[in-house]
Amino acid sequence: MITAGDFRKGITFEIDGEPYVILDFQHVKPGKGAAFVRTKYKNIITGATREEAFNPSEKFENARIDTKVMQYLYNDGELYYFMDKDSFEQIPLSYEQVEDAIKYLRENDEATIKFYKENAFQVEAPNFVNLKVVETEPGVKGDTATNVTKAATVETGAVVQVPIFINEGELIQIDTRSGEYLGRAKE
């Protein structure tokens, strides 16, 4: 059990059997009346955010979130299959569950999967990935204006803005949290 007075950023808790994570909190002690905790929290499964004030002595169940590093195997057209490298157990996930991460994952790449009550709800790609550019406009010699970018499609299908000197076939490093080009990558 956790009380509202113990709330901190990143703490997970349950309300009516639903898991939430605290995004922001503020302990308020007004001159008149009782103290309270103003809280902004997000539903881990649906992503919906709410703001609410709680009495500091109010109690909540802890929400236990498990994470596993799993290997992305393949997509059969509808489902995306991931394998636990220790037990070799495979789990199928829908596009909605892998939507943000799959554009940076190739087959056999590893991803972090979060579980709540043994149900997967979120897939995270590694923070940095090296992917090959498969389609982009050719760079023009002498065209060196600063901060000019063009769209490039990488081998997983993601479209990333890259500097104009990047050509097809080059390996680039991408920050998957923002989708930004970081630089050329070494093989």
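Which residues does V123 touch, not counting residues up to four places away in sequence? Keep that in mind as you look through these close-ups of a predicted model.

**View 1. V123 and the residues it touches.** Here's the answer to the opening question: leaving out residues up to four places away in sequence, V123 touches F82, L93, Q97, V98, A101, L105, A111, T112 and I113.

**View 2. The largest nonpolar core.** This core has 29 residues.

**View 3. The largest pocket.** Its volume is about 550 Å³. A set of 24 residues lines this pocket, and K42, D100, Q122, V123 and E124 are the closest to its centre. So who supplies the lining? Helix 1 (95-102) and strand 11 (119-124) each bring at least two residues. Helix 1 gives the most, with 6 residues. Sort the lining by class and you get 10 nonpolar, 7 polar and 7 charged residues.

**View 4. The second largest pocket.** This one holds about 170 Å³ of space. Its lining is made up of D66, K68, M70, D84, E89, I91, F115, E118 and A120. Strand 7 (residues 65-75) gives the most to that lining, with 3 residues. By class, you'll find 4 nonpolar and 5 charged residues here, but no polar ones.

Conventions. Residues numbered from 1 in each chain as written. Predicted model: local features only at pLDDT ≥ 70, side-chain atom pairs only at ≥ 80, totals over all residues. Heavy atoms only, no water. Core = buried A, V, L, I, M, F, W, Y, C linked by side-chain atoms within 4.5 Å. Buried < 20%, exposed > 50% of the residue type's maximum accessible area, 1.4 Å probe, protein only. Contact = heavy atoms within 4.5 Å. 1 Å grid on protein atoms, 1.4 Å probe; cavity = no way out; pocket = protein on both sides within 12 Å on 5 of 7 lines; lining within 4 Å. Points joined across faces, edges and corners; volume = space filled by probe spheres on them. Helix = DSSP H or I, 4+ residues; strand = E, 2+ residues; numbered from the N terminus. Nonpolar A, V, L, I, M, F, W, Y, C, P; charged D, E, K, R; others polar.
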